[in-house]
Structure formats: structure tokens, C-alpha cells
Amino acid sequence: MAAERPTIDESYWMATTPGTGYPPPGTDLTADVAVIGAGIVGLCTAWELVRAGLDVVVLEADRIAAGVSGCTTAKVTSLHGLGYARLEAKHGAHKAALYALSQQDAVDRTATLCAELDIDADLERASAYTYAEDPQLAGGIRDEAEAARRAGLDASFVTETELPFAVSGAVCVEGQLQFHPRKFLLALAEKIVAVGGRIHERCRVTALHDGSRCRLSTEGGVTVEARDAVIATHYPVFDRTLLFTRLKPRRELVIAAPVPSDAAPAGMYMSPENRVRSVRSAPYGEGRRLLIVTGESFEPGAGDVRQRFARLDSWARERMPGFAEADNAYRWAAQDNDSSDHLPYVGHAHPGTQHVYVATGFGGWGMSNGVMAGRLLASHIAGGSRPDWTELYDPRRLPRVRETAELAKFQTAVARHFVGDRLHTSHVDSVNDIPPGSGAVVRLEGRRCAVYRDESGHVTVLSARCSHLGCLVQFNDAEQVWECPCHGSRFATNGSVLHGPATRPLESREAPGTEG
């Protein structure tokens, strides 16, 4: 990232909304439904359930809408990259059509919620595009347009867009949505509480006991009992179905800067080229809009995050008018989970349960899938008719033969990290080799430790073993966090959990003989 302008290392959505202060629970609780996690899935599910008359308690480990949902690019669309051609090839035309129907239903539901609940979330209608510049990719873009049309979307293939560079082809679906996700979710949380729902922050759930009633244990010692429980933690923190074997986490970087309104695209654009490039804009005061550029897809713990930010910034400066001249900028990162069969998992968490539900594996399209999941989970729990796509997303579905290669690829990557990372004698030779403001894995007295040296020189030493399943964490130099490359858990430099599936911090270690 160029240094000539101030850059805020925070999501624009977080920086422009107030903090929240829902209290942690002070005593044991009972409810009809306990929702674990307060992102878009958790809050949409809670709203649909309280609207149906159920007693709902939402338990958030940190602050509501401050995790993945606070770091999204906030496109609510039924056009998902090159997804329809792939879905049709892997699952058939009927299931691709059900997917399209469910996603467009989520787009419509989002607009309805904003209108009916009078939520001011900077909601805008916009066309969604999947494009390519390389002429050799134009055929695949045309195939996607045709597959999307067969799935029921009003999709068209175009060769001209408002982008300031030529494209070889693009899929276009009009009438989609973009919004401010935090404004939407904070308002929805207020509506939940106003009609009797309960929300508790700083309440990390550490255990879930499944039975005729669910019993949840929390880090603070409070117990919550409920008839049903929903795991809405992005990556499942409790996973008896071993969904972690069918999920692959990835991160994408986001940079944003204000540009003149006439330089900002009205549509939402995404390309699979150059490790993904996504462009949209958002309201930013009179005469300007915030240009939001996303890309550089990589697995957590892959390293060189500063260089990835620099590449993305250079691309935006070179390709998008007004970006290089902006007087300030924001940068942040988003995390997504890809499923092995390219469909989300939404429904009963495992074959042996009637009362525990999960939603995960949104493949980078968490806004539409989050709204979809809220409606689908509510239909399971509150009763009544279930949508036609219920079975499509059932987490209990068996892997298909065509999924075997993708499953093997996922597990090979995990094994590579679990075993291969241990074969390195050390990531640096000594704690004293770690410069201020950086971290590295070091072997100390026969144990691999995650060592961070702050700007003042103080050293914090932790176990390098992820508290989820034991993979070795790696340091993210741009975001100053420890990341697990196997399943995507993230930890602060003091070891506290920032992102699951881990629920316990990295263990503290002593490092005798180091210089701080």
C-alpha cells in the first residue's frame, strides 16, 4: 500500500457505525432457541424466529456483526461468479435452478426487510456482472450466462460495460442489491430485542451438549438451555458431522477509497482473473462514492499479506480512475469457506440430531446465503412449509462420487500443513531475529512457539499449535494476527481467539533467555 495517504486498517462498515454494548449474561438462561453467533446468519435466523413467536437468545463471542459480516463487500446477488455452469455440471439443471431460486428469494427478502422494518442501510439496486478481460475466457463467460438463464435468472451476455477497460465478455443480471451490512444488521438486532429477543455479547460458547434439550456452556461459566440450537459461527465451532473435512477457508483482501461519483461504477463487478478482482462502490457523501476493490484470494497463513495488499492497491491505482488521487483509504480482509461440492450446508448439523442446526460453506457469497439460511433454518425450527431447496442444502447429504477428488484435495492441503509444517526445524533461527512489529514460529526448548515482538520490543510467546486440531499457526504480517492454515482459526498476538473454529486461546509459553 502506498504511503502518501493515510490508510485506516479497518473495515469501512465498522469504521462508520457505532459500537455495541449488549451485556454478557449474568445468570443461567433458558430459551426456545439459542443462536450461537451474531453475524448475518445468526441475526437473520433470530429475526425470523422471534417473528414466528419463539423465545430466542443470541450468544456472540465478541461484538455483533463485527466478524466476517462486518468485513464483507456486501453484495446481495443471485449471480455468483461462474457458479451456475459448475453447479449444472456437478449437480444437474434442476439443482442449479433451485440454487438460483433460493438466492433470488434472498435478494428479495433483503429488500423486503429494509422496507418493512424501515431500515436505512444505504440499500441500492445495481446490476451484477461476472467479467473476463482475456479473450480466451470469453467462451466460459458466455457458458455461464447461458447456464444462469437455464437456472431461471434473467441473465445476459454482454461485451461492453461501464468499467474503464475493455472486457472480452460479461454476464449481467440486473436488479440486484448492495448495502451497508453493519447498518442493516445493527438495525435488525434492535428489532429483535424490541420484540422480545435477547442478545448477549462477550459470551463465547465453549461446549454444546445435544439431546432432547440442548445445553450450552460458556467461557464465563453461564449455562444456556434451549430446545434447539443454531451454530451460526461462519466455520462451525462444534462439528460432529466432521464438516471441517468438507470445508476449505480462504481470505480475500479489500481496499477502498473515495473517488468522484462520475468515476465510480454503478454496477457490481467480479472477475476470476488475477486471483479474483471485485469492484463496487458505496455512498460516500456529496459528490463522491467509496470505490471498493477486492481480490488476492489466498489461504489463511499463506504469508506475504503486505505484498498482496500492495498488488491489489497497484491494480486499483492503474485501472480505476480517481483511486490513485484519493486522499484517504481503508483496507481490511474477508474470510470465506468453500464447500467440497460448491453448495452451502444449511440444516440439521448431523444425522443423529433433531435439535442442532448449522449454516456454513457459502463460498464467498455470504450475504445472500446468510439471508437464505435464516429463512431456511426458521422453517426447520418454527415449523410450517419448507422451501423447495431444503434438501439441496442439507448438511447430512452424502458426498457424491464427483466430489471425491475435491475432498481429497482439501484433505491433502490439511495434511501438508499438519505434517509438512512440522518438518521445518524453525521458521526463524532465534527469537532475537524477529524484528519489532512482527512474529514468527521459533523452536524453543524443543517446542514450536508462536513468538511476537511488539514495536516496543516486548516479546509474547505462545504455543504454535492451533487449539482447534493442532496445526501450526502462521503470522499474518499485515493484520498482525496468527492464522491456522488448516481450518482458518485466527488469534490475536496475545493468543485470544478472533475467529473460529477454535474456541480456546493459544497456550502461553515462557521463553527463558530471550531478549525483549
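Mentor: Start with a cysteine pair. Cys471 is buried, and so is Cys486. First, the ground rules. This is a predicted model, where local features need pLDDT of at least 70, side-chain atom pairs count only at pLDDT 80 or more, and totals for chains, interfaces and linings use all residues. Residues are numbered from 1 along each chain as its sequence is written, and side-chain values use heavy atoms, with hydrogens and water left out.

Trainee: What makes a residue such as Cys471 "buried"?

Mentor: Buried means under 20% relative accessible area; exposed means over 50%, and partly exposed is in between (1.4 Å probe, protein chains only). Cys471 and Cys486 both carry the buried label.

Trainee: How do you know that Cys471 and Cys486 are joined by a disulfide?

Mentor: A disulfide is a pair of cysteine sulfur atoms within 2.5 Å. The sulfurs of Cys471 and Cys486 are 2.0 Å apart. That meets the cut-off, so the pair is a disulfide. The structure holds 1 disulfide. Its angle about the S-S bond is -95 degrees, and the link is left-handed.

Trainee: Where in the chain do Cys471 and Cys486 sit?

Mentor: Cys471 is in the loop between strand E21 (459-463) and strand E22 (474-476). Cys486 is in the loop between strand E23 (481-483) and strand E24 (490-491). The two are 15 residues apart. Helices (H or I, at least four residues) and strands (E, at least two) are DSSP runs, numbered from the N terminus.

Trainee: Are Cys71 and Cys114 buried or exposed?

Mentor: Cys71 has 17% relative accessibility, so it counts as buried. Cys114 has a relative accessible area of 7%, so it is buried.

Trainee: What makes a set of residues a nonpolar core?

Mentor: The members are buried Ala, Val, Leu, Ile, Met, Phe, Trp, Tyr and Cys residues joined through side-chain atoms within 4.5 Å. The largest such core has 86 residues. Those with the most contacts inside it are Val56, Phe184, Trp332, Val346 and Tyr393. Helix H4 (residues 93-116) gives the largest share, 9 residues. Another core, of 28 residues, lies apart from it and includes Phe165 and Cys172.

Trainee: Which residues does Phe184 contact, beyond its neighbours within four places in sequence?

Mentor: Contact means heavy atoms within 4.5 Å. On that rule Phe184 is in contact with Cys44, Leu113, Cys114, Ile119, Ala121 and Phe179.

Trainee: Why is the pair of Tyr12 and Trp13 called edge-to-face?

Mentor: Rings of Phe, Tyr and Trp (its six-membered ring) pair if their centres lie within 6.5 Å; planes under 30 degrees apart count as stacked, over 60 as edge-to-face and the rest as tilted. The ring centres of Tyr12 and Trp13 are 5.4 Å apart and the planes stand at 70 degrees, so the pair is edge-to-face. Tyr131 and Tyr269 give 6.4 Å and 70 degrees, so that pair is edge-to-face as well. Tyr131 lies in strand E5 (residues 124-132) and Tyr269 in strand E13 (residues 268-271), so the pair ties together parts 138 residues apart in sequence. The structure holds 13 aromatic pairs.

Trainee: Which aromatic cluster does Tyr330 belong to?

Mentor: Tyr330 forms one cluster with Tyr12, Trp13, Tyr284 and Trp332. Tyr330 lies in strand E16 (residues 329-339). At 7% relative accessibility, Tyr330 counts as buried. Tyr330 and Tyr12 are 318 residues apart in sequence, but 6.4 Å apart in space, C-alpha to C-alpha.

Trainee: How do you know that the charged end of Arg142 sits over the ring of Phe157?

Mentor: NZ of Lys or CZ of Arg must be within 6 Å of the ring centre and within 35 degrees of the ring normal. The charged end of Arg142 is 4.0 Å from the centre of the Phe157 ring. Arg319 sits over Phe165 at 4.2 Å.

Trainee: What makes the length of helix H8 close to the expected one?

Mentor: The expected span is 1.5 Å times one less than the number of residues. H8 (residues 366-382) has 17 residues and reaches 23 Å from its first C-alpha to its last, close to the expected 24 Å. H8 is mostly covered, with 14 of its 17 residues buried.
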